[in-house]
Every structure is written in C-alpha cells, then in structure tokens.
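Biologist: I have a structure open and would like to learn how to read its features. Could you walk me through it?

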Amino acid sequence: MIATETIGALATRLDNAQTYVADTPSLADTHTLDIEDAYAIQAALLARRAARGEGSTGVKLGFTSRAKMAQMGVSEIIVGRLTDAMCVADGGEVELARFIHPKVEPEVAFWLAQDVDTDAPDTDIAACVDAVAPALEIIDSRYRDFRFTYEDVVADNTSAAGYVIGAWRPVQDVSALPVRLHGGSREILGSTAAILDGPSNALCALLDMARRRGIPLRAGDVVLAGAATEAIPLTPGVTTCEITGLGRVSVRSV
Ligand code: OOG
C-alpha cells in the first residue's frame, strides 16, 4: 500500500485533470500501484467530488466485455462511481468542451429498488432490481491518449464522465438484444450478450466486487452494466443507442 499522502496527491492530480480539462500521464509512469491503492485513490477522488456537493447516483462497471478484457489483458471487471454531476437527461445536451477526449458506449442500465445486503451470503441482487433501460455512457479518461494500466483506470474512476438513461421499463430479459450505436459518421452494431454473456451476469459480478471493495449498493442507485460494443468518439450532433425491445436513448453534443 502506498502512503496516504500519496493517495491524496494522486486523487488531486486526477481531479484537477478533469476540472481543468487537461490530460495527465499514466500514474504508473512514476508510481507502483496495486489494486488496493487504485480503489483507495478512486475513493479519495470521489470524496473530493462529494465535498463539492456532488451526490452519489450509483455505480458503473467496466471491462465487462470479453473483447475489452482481452484488449487490456485482464480477467476482472472494474467498478466506478456515478454522481449527479455526470447525469445528462435523455435527449439533452452536453458541451464537448467539458471533456478531454470523450468517447461514448451503448449500455444497459438497472435501477435498484431496494438496498442490496452485501453482507448476506445468499443475496439475490437481481431481485433488488425493478427497472431496466437503454443507456449511453460517456467515458473520458483523464490519461493522455487513453494510455493507462488496469490500476490507473480504476484510480481514475474507470474513465466515468457522463451518462444518459432512456425511459425505464419493467424488468425483462435483456440477455441477448440487438444494439445499435450511432453517432457522427459511425454506426456500430452489437448485442447485449457481449456484456458478460448477458447483463444480468454483470449484476452478479457487481455484487462480488461490492462485497470485496466495500461498495454500498442502495435503493435508488443506477447500475450501468458495461459497454455492449466498442466505444466511439463523442462528436458534435446527436448520438443514439437503440436496443431492440428496450428502447432508445440519445444525447446531443455541442
Ligand atoms: C475504461 C472504461 C471502460 C467499459 O464499459 O468497458 C468501460 C476505458 O476504456 O476508458 O466503461
């Protein structure tokens, strides 16, 4: 474990990178971090945001697609935190100038209607979910050129920068629905099955991570289950995610 002062200093560095829209080199260039250090930096970063008045709205998962895990050479998902400052209304506007080099991913969102008891051994997290929606996640790594290690990206709150949730619907089977992401001149087709062979598996993986990392999962939290396709650059104009049988969600970038 690195020193507490170093954790605070690295959280400040990442926070400043976001606030001043100025990228920063990989922490791994100068520090040897383990995964515990990385989650401690993430927690310190979120504490700074909370001190500025940002409210927690839920959690997001990353590296839930096998393709992304393979690309990163890892076999474990990552968890980041969502706040109200990241939330954009469906069909709403975001200013690109807020971000360093934003990308966007199509996702499935779950709504937790009950607190999840992460201490009980037989918790059924799926039973705590009472709505599901199509979503877009804006990722904006604070690292130069999106060049980061596994620990770096955890420290950087898993690149979380924004999210948009479509209309909530009652829980339905979302394990293999066609997905279409459209933005600028790019169109990407995929399936929700790319999310750990079905987003419900992502919920189980989240429960496991929440237990190990002491992350509370509360009634009213949004869970973003991870990307269903590769990310595309967020460009001026409308970006849409359409999930067959679940609906569509869009954001306008200016
Ligand atoms: C890390 C975040 C990845 C996902 O769904 O896999 C992520 C990144 O690529 O910047 O959110």
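Predicted model: local features only at pLDDT ≥ 70, side-chain atom pairs only at ≥ 80, totals over all residues.

Biologist: In which sense do β4 and β13 pair, and over how many bridges?

Modeller: Strand β4, residues 93-94, pairs with strand β13, residues 247-253, in the parallel sense over two bridges. To find the spot, look for glutamate 93, which sits opposite arginine 252 in β13.

Biologist: And how do β12 and β13 run?

Modeller: They run antiparallel, with seven bridges joining β12 (residues 237-243) to β13. Threonine 240 faces serine 250 of β13 there. The two strands form a hairpin with three residues between them, where glycine 245 has a positive phi near 90 degrees.

Biologist: What is the strand order of the open sheet?

Modeller: Read it as β4-β13-β12-β8-β9, five strands with mixed pairing. At the edges are β4 and β9 (186-191), each of which pairs on one side only. On the β9 side, six bridges link that strand to β8 (residues 178-183), and the two run antiparallel. Proline 178 has serine 191 in β9 as its bridge partner.

Biologist: Now the helices. What do I look at when two of them pack?

Modeller: Packed helices are described by the angle between their axes and the distance between those axes. Here, helix α1 (residues 4-19) packs on helix α2 (residues 35-51) at about 60 degrees, and their axes are 8 Å apart. That angle makes α1 oblique to α2, because roughly perpendicular only covers 65 to 115 degrees. As for handedness, α1 and α2 cross in the right-handed way.

Biologist: Which residues of α1 and α2 make the contact?

Modeller: From α1 you have Ile7, Gly8, Leu10, Ala11, Leu14 and Asp15, and from α2 Asp37, Ala40, Ile41, Ala44, Leu45 and Arg48. Sorted by class, this contact has eight nonpolar, one polar and three charged residues.

How values were computed. Residues numbered from 1 in each chain as written. Pairing = 2+ DSSP bridges. Helix = DSSP H or I, 4+ residues; strand = E, 2+ residues; numbered from the N terminus. Axes fitted to C-alpha atoms, helices over the stretch in contact; angles between N-to-C directions. Parallel < 35°, antiparallel > 145°, perpendicular 65-115°, else oblique. Left-handed = near helix turned anticlockwise from the far one by under 90°. Contact = placed C-beta atoms within 7 Å. Nonpolar A, V, L, I, M, F, W, Y, C, P; charged D, E, K, R; others polar.
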